[in-house]
Amino acid sequence: MNVTGWLKKDGKWKVNRIIGVVLVGLAVIVSLTGCFYTPYDPDAMDATLKNASPSLSHLFGTDNFGRDVLSRVMKGAGTTLLVGLAVVSIGAVGGCLMGAFTGYFGGKADLILMRVNDAVAAIPSILLALVFVGVFGSGTVQLVAALGILFIPSFARVVRSGFIVQKELDYVKNARLMGAGHLRIMFVHILPNIKSSLLSALAIGFNNAVLSEAAMSYLSLGVQPPHASLGRMLSEAQPYLFRAPWNAVAPGLMILFSVLGVGLLSLEGGEKHE
Amino acid sequence: MSNENGHAKEEKNLLRIERLCVAFPGKDGKKKEVVKGVSFSLREGEILGIAGESGSGKSMTALAIMGLLPENATRDCEGIFFDGQTLCGGKENNKKFRGNRTEKQREEKVRQELSGSKMTMIFQEPLTSLNPVLTIKKQMEEPLLLHTKLSSEERERAVVSALTKAELKNAKRLLNQYPHQLSGGMRQRVMIAMAMINKPRLLICDEPTTALDAVTEREIVSLIHKLAKEQNTAVIFISHDLSVLRNLCDRVMIMKDGKTVEEGTAEQVFERPEQDYTKNLMQATVKGAKEATEQPVSETEVLSATKVSVVFRRSNGWFRVPELKQAVSEVSLSVKQGEIFGIVGESGCGKSTLLKALAGLLVHYEGTIWKKDSKIGVQMVFQDPYTSLNPAKKVGWILEEPLRLNTGLSKEEREQRVREILKETELPEEVAERHVSELSGGQRQRVAIAAALITKPELVLLDEPVSALDVTVQAQILELLLRLQREHNLTYIFVSHDMAVVRKICDRVMVMKDGRVVECGETEDLFVKPQEEYTKKLLG
Amino acid sequence: MRYFLKKTVALVITLLVAAFLTFLAFEVIPSDAAMAKLGMDATEEEIEALREAMGLNRSLPVRYGDFLLGALRGDFGESTQYGLPVTELLADRFGVTIGLALLSFVLIVGISVPLGIFAARTKSKAGEGIIAFLTQTMMAVPPFFLGMLITLLFGIVLRWFTPGAYVPAGENFFGFLGFMIFPAMAVAIPKIGMSVRFLQSSLKEQMQADYVRTAKSKGCGRRRVLWSHVLRNALVPVVTFLTMVMAEILAGSIVIEQVFNLSGIGRLLAVSISGRDYPVVRAIVLYTTAVVVLLNYGADLICRYLDPRIKEI
Amino acid sequence: MKKKAVFLALLASLTALCACNGGSSGKKGSEDFVSAVVGITQDLDSLDPHIAVAAGTDEVLFNVFEGLVKPSVDGTLVPAVAKDYTIAPDGMSYTFTLRENVKFHNGKAVTADDVVYSIERCAGLLDNQDPEVVVESALSVISAVEKVGEDTIVITLSEPNTELLGFLTCAVIPMDYTSQKSAPVGTGPYKFVSYTPLTEFVVERFEEYYGEKPYLEKVTFKICASNDAAFMELLAGSIDVFPYLTDEQASQLPADYNLEVGSTNVVQAMFLNNDFGPFADLKVRQALCYAVDKEELLTIVSGGRGHIIGSNMFPNFGVYYDETLENYYTYQPEKAKQLLAEAGYNESNPLTFTVKVPSNYDIHVATAQVLVEQYKKIGVNAEIQLIEWAAWLADVYKGREYEATIVGLDSALAPSDVLKRYTSTAKNNFVNYENPKFDELFTKALASTEEAEKISLYKEIQQLLTKEAASVYLQDGAKLVAVKKDFTNFLFYPVYVLDLAAMKPAQ
């Protein structure tokens, strides 16, 4: 698959996909750069520069502690993207396993698992976060694990409904006649066929993961201050929306770019076999 | 003759089409024409058959008349004239489909007026063509609602009478039913009744019987014929099956690659075809008995089944007593090495279920099934190659999969075997690198056969392997199957509803109805001297 | 009848599981009702005595059994924080949360249906692009931020409403509406983004269906095809989707209630968790579960009505 | 198209409706400002004054309940339900004479029995003690409360204590009244009207109050979900008094509000667990003190408004407070580094610890961030871990499982209350401080009836804590109160209370 072929369809450029690539690229470049270089130390405070408005020396202004917003965004974007990706990966893998088994085998186990799913969905996420801190302690790894587990049911639902449709198709019977085991049928034969619905679930999951990360760090789970993450920066900017809106602009745009980019890519990703 | 007459009787033409072209955007940005300048005309009350293989542009022609082309299609024509009105174009006014807005709006308006009242259409798949969430009555009423000023009681009466005319029993009871509650044949009758309810001047039928089994097909065709003659409705009947057109049509038109190949009265075309293509097409139509083979059928059994019964239990919950449905009851059979064993019957007779049980795809059955070749297991070729091959994988991968699972061959050896089997099934080697979606129907079925044969099984189960294919392709695939069977001394169990195909290929045949065996015997014996009423009915 | 019996059993099972999970959760997290209630200056003995009085130091199965017995009698216990019967405490908050949920739901449906139809019907690439951008942006804004922005813009700058001036619908319906519309907006906007997308894709899918061709062949215009054929068919997945959305809203919009100072279920939940007010949290979890499950059944019934095929399965 | 138009019209009319609605409501109806709305950010944890433990609840209930004595603005205790009192010279008993004509809100007169009941309940002496009542530990020295006449009671102690008065502010409530939790009855200037959880607490003027009647007829304490939400309402004008402004909010205060600045009367510190390995070393603790630039800290977290403290006491303790300690540890990063080096920490072996901070206190979270950054400069790796309040209570305060934490501690109006936690046997000695000298000095100070001796002993105690660097003492935060210009005379007390009875209309 060559690049232009991927970006073009019927001779026309796929505008959505190009914008998606550009936005995701931007987010990735910014966060990669943030690993090696930031204009200022993202945590360094300056009491004389509290909430300074954007200027040449501080392109996106400074925050309440006099920290450079741009530097913090560069650093925070990496954390946020990584958390988002990891969460979605765990959710997707777990959801695929659970959805595949329940959807493929069906029966009473499926019914019971879906009931448990309902019940877990009803447990408030604050409570679950506390449970997680209680059992596993706090930290970024735990955050990823907790959110990942929280995200499993939604993926499971998508995968399950896909499997219920696909398992009835003849190619699955054919695979059984060839002697493929259930596991192989589930993950090698069927799974690639629900790619498109899985892709859009991934995009929405990524969106939600980025948003949840901020909420969770307040419950002592996850990225702790003074370390930057986009969601946290956004919520910290909240009291200063009036006086120092730039606190919110840069992280807000960054979240928007990455989420929008991923969303646009997923939008087009599923069309290949149509 | 038709040309001269057509010209002389211009004023009596109901429909005239001049140089119709339809194109779709292609892969590389260029347009791909599927209809290339087709012209023809139709007189009042005339039945015109259009025949051709898939991709010949016959359906697109019909859709273009009705203005139902897909959104991405572009249409270009010198004119479509219907009953004194211009449906599109006109010589002086040659516009693209997507062109001038006001022109398009005018066309749209004319078409809305005519569609459903003076010209109507029925389609191949009656289940999806009917709106699944509306009652039969609601859908039947719609043309009346749109084109007449009848009161609601009058409409209901009209609906009931249309249904009755379409030979549907108990029309009143049907009114509040939904499409999925009817059988395939009934649905198509409803479609016909709906199309005929406003006594249209023109009825276009796009492969209306392809999805139906033989007995129903004959009934539907004669119904269309009867109604058309009663109401003096002109019919365009599109089919890939020449035998259907033969008894129905006044005139026949053969299409290939978007062009008209031959046109003339039914008698002319069928008895004295002029073009080679038409001749080919007719020869391809499966008919006649199986050619005698030299090699005698051995006496070794490869498969035998004794008193096999399959009961489906439909459980509706944890507390409900499950409903039982006897799909197969006490079927016994025995298949010998090198034989082709046919199973025929209408849809729902249990033949596919039986086949699944024999294949080992069903766990819950009673009786015993014994298979000689248990190492590799039986292989199966399914009816619809669109669903039986994994759409997410490349052909090469699909063909390698059985080898990966059942043999210890290395990657190179496997690829070698794939190349061999592709050659044997007359597929180009590049196919291995393609996805199934990029192949034609015939190619797909070849791939399916290749996948079944790549592990060199002795027994292959074939579930309607040619039903979804064009006539010419059908013939080719049957030939391929026969050749492979001879070369590898294979044993086939061949399930089909198409009697002609069964006669052509099978050594022995078993007739099934409602899960039971009606009759079983040597093919020719059975076809020539059917013992049972039901078999006679099937043979028509 | 069997349907309802079956569904009720499933509901009860789900509720039992949810209650048990809540019990487990409270086992695991630090602190308990006694400690949270007595605060910093209490001694270990005092905390122990209160635990004894509250029955917290009985074993898990005993407490679970006790809860089950109580629940059978319709008694969900007393809030450890407020000393009020849980049912009473919850009943007072229901109005707010349900009002908010209903209003947001109206907004979601009212805005996303026309927008979704437009998105599905538009042929211009630009139109599609704008919709995609718009919906994605709506989804990408964190709810707390959105709430804050709305308060600032409409409450402080434009002064269209007074932050915190919630009036119960029973007292002054228009006053209620005039205030509630803003938190409802904050709840609705991200969901509108999702709904528009969902509607767009399911409408587009239906527009490709064969029966649309049939309808056109009967002489239906674009509008009739859309309204009496496509929409009805697209409704089934949309109803399921909207139920999910409704369940999400009803299950507590903690953040929005915090930002707009509404004393609904969500805020009560937040306060109860930090106060380790187990009976209240459990009741809210049960309520949420019941809402989710019941809404699903509701959707089930609606879908059965909308799509006659479902009955057969 | 038509449908779209209808929809838009609907939307427009809806917004118009909101607009006019917003215009009319929100402002108070009456002209004479006899009622006020006070924004508070924590729900009341109980309406029973003996059960309530949250400082925020005490603030509010101060207007409804009174004790035998009550705190005054200048930090002294003035008689309230009692008319007069005497403390025995040996510090072993207190005698109170009750004021005549003091009435409960339910109209009944206060009797000596009610007072005895109230004090016994607070001290945990009742036979059927309510387990929810937390016994004030200082009151546990009371051995008996006796009624010796119709208007006299005597409190006998088990050990000498001359500071008990500061704790006898505990509310006097009617004996055998069982609805205290839902309909509280006290003797204060305001009486209870209604309470809706998570919404509001309403009181009205008690017309039979013995003292000066308050000006405001009705006060509504509006319970806001968060500081931000409360400020939004303030900006919209629907809150008259908001006592929890942040520095940032204070600088955005609308023109029709006055900013009143007082102090919060808490000791904000980074408390160090003295049992945690590195912190057992005096040099390490001192290094952490020297490394803090308190000026910068105050500038960043509170706009420079707080009061720097040097020990575990705040300035409102007046004569007991040793202000010289404020400059004991000045900002000397080099010295801090050197001390750390002496303790064996350097670049290859940096000091590393975790600060647990309750996440619901923005000021502590901000302080922690500044400290972490300042410690980074001397090569110390401090990591912040936010922790939910209930978990903080369980893990840090009760469980003492932490390395360092940042909180503010408030206190009753008695120096012993603020310092007692450092005695080695104190139940709330969560910093695990142990020093026999401290214990000895404290016991002496507590029993001392000689004021001058008491003062010098307490100052010595404070110095001991500072020199030993028991924790890193930071500030007594500024209390920033927004008061609508319609009102005046908002009073600050040396304890955590909100006095609305004193408020007057402007002009």
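Reader: In β11(B), which residue is the bridge partner of Met255(B)?

Author: This is a predicted model, where local features need pLDDT of at least 70, side-chain atom pairs count only at pLDDT 80 or more, and totals for chains, interfaces and linings use all residues. Residues are numbered from 1 along each chain as its sequence is written, with chains lettered from A and ligands numbered from 1 in the order in which they are written. Strand β10 (residues 251-256) of chain B pairs with β11(B) in the antiparallel sense over six bridges; strands (E, at least two residues) and helices (H or I, at least four) are DSSP runs numbered from the N terminus, and pairing takes at least two DSSP bridges. Across from Met255(B), the partner in β11(B) is Thr260(B).

Reader: Which strands of chain B stand at the edges of that sheet?

Author: The sheet is open and mixed, with six strands ordered β7-β8-β9-β3-β10-β11 (chain B). An edge strand has a single partner, so one of its sides is left without a neighbour in the sheet. That's the case for β7 and β11 (259-265) of chain B.
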